[in-house]
Amino acid sequence: MLLILFGKMRGGLWQLGQSITRRLAQADKKTIGRRCFASDADLKKTVLYDFHVVNGGKMVPFAGWSMPIQYKDSIMDSTVNCRENGSLFDVSHMCGLSLKGKDTIPFLEKLVIADVAGLAPGTGSLTVFTNEKGGAIDDSVVTKVTNDHIYLVVNAGCRDKDLAHIEEHMKSFKSKGGDVSWHIHDERSLLALQGPLAAPVLQYLTKDDLSKMYFGEFRVLDINGAPCFLTRTGYTGEDGFEISVPSENALDLAKALLEKSEGKIRLTGLGARDSLRLEAGLCLYGNDMEQHTTPVEAGLTWAIGKRRRAEGGFLGAEVILKQIEEGPKIRRVGFFSSGPPPRSHSEIQDSNGQNIGEITSGGFSPCLKKNIAMGYVKTGNHKAGTNVKIVIRGKSYDGVVTKMPFVPSKYYKP
């Protein structure tokens, strides 16, 4: 009996790892115009690359970078440890940039759905860059540092197209007298510290009182003696921080965070990061959101401020505002399912066997110990409790629509 259980466990862990590897590779392939994976020499490396290798990081190609997918522990163990203790992620492959100038806000509001003007200084929000058809070019966290300084972080796989898109519109805006400029923070690295121990451990390394800094807030402060941009946010559903640190200070900061946690916070790779974000019901661009997907269809209507809904003024506003008024034809929803974990592009059928949509992300939840997935279904089939069939390798398995997040969020709010 023990051998049977062990065999099932090993099979489940293997499936989890394979599913995550495929999902990340698929998102990578969709968001990058070409694969830069001919050899290790073609891949970019973060300043922590050697640190990852020394600590057992299994390095894989992702968005043109060599990044750790996991370390010595399993993806399942890493996922659970993040929720019970904490994780430290190197996300320096992502692109941070600052927009500055007195016209920065009106410029950016032409490109994103957020009410940037309505943000208080030192606060931020998830937003989406849209195209003329209302589709998502990328999702991003936008932070108003001051009224003439906006800080953004965009996805690694979307960097080139995002920067080209911003630059094209910036040139046009400036030619008409607009005052806006930008700086891409390639001189900085980005660390994500997530989990219940994130705040108490980080507090050891800064004099600022983190108990008075809430979810979505931003500060410029010294951490471990280095000038950092600190945002209380993350991609796991847990409380945590993203720390933009000068690259020459990144290694010392990573070591200090791990040391202060006394081994409870662990280095964690892209594999667990993906399972954590899936449990949190968060989109992976390239899988759950693409250029043909609108924010309304993706369940991100909440990110469109009331003023923006009334005034529009962003690319694709006509399409998006019509969907808000009339309702979208498809909607992103969550699922629990039986059988093997659903994969991206698995067909979703109603009880009569009719196609109603497809899975965009799916896998085995390390924390819930069952299959979870998200995907798009035709409106009318989106309500929680709706029974569906999910087709995997030609066989149908039972599924049910469920609300997200799958694991309750623990953001630090007043």
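1. Where does His345 lie? His345 is found in the loop between strand 14 (330–337) and strand 15 (347–349), where helices (H or I, at least four residues) and strands (E, at least two) are DSSP runs numbered from the N terminus. Its phi is near 80 degrees, a positive value in a residue other than glycine. At 42% relative accessibility, His345 counts as partly exposed, a class that falls between buried (under 20% relative accessible area) and exposed (over 50%), with a 1.4 Å probe and protein chains only.

2. On the basis of these remarks: this is a predicted model, in which local features need pLDDT of at least 70 and side-chain atom pairs count only at pLDDT 80 or more, while totals for chains, interfaces and linings use all residues. Residues are numbered from 1 along each chain as its sequence is written, and side-chain values use heavy atoms, with hydrogens and water left out.

3. The unreviewed UniProt entry carries the annotation "domain: Aminomethyltransferase C-terminal" for residues 331–407; UniProt positions are given in the numbering used here, feature names are shortened, and annotations may be inferred rather than shown by experiment. That span is 0% helix and 57% strand, and its end C-alpha atoms lie 20 Å apart.

4. Arg393, placed in the loop between strand 18 (387–392) and strand 19, also has a positive phi in a residue other than glycine, near 50 degrees. Arg393 is exposed, with a relative accessible area of 57%. In the segment after strand 19 (395–402) lies Pro405, and the peptide bond from Met404 to Pro405 is cis, with omega near 5 degrees.

5. Helix 3 (residues 75–84) packs against helix 8 (residues 270–279) at an angle of about 55 degrees, with the axes 8 Å apart; axes are lines fitted to C-alpha atoms over the stretch in contact, and angles run from 0 to 180 degrees between N-to-C directions. The two helices are therefore oblique to each other, since angles under 35 degrees count as roughly parallel, over 145 as roughly antiparallel, 65 to 115 as roughly perpendicular and the rest as oblique. The contact (heavy atoms within 4.5 Å) involves Ile75, Ser78, Thr79, Cys82 and Arg83 of helix 3 and Gly271, Ala272, Ser275, Leu276 and Glu279 of helix 8.

6. Helix 8 is mostly covered, with ten of its ten residues buried. Just after helix 8, Gly281 takes a positive phi of about 75 degrees.
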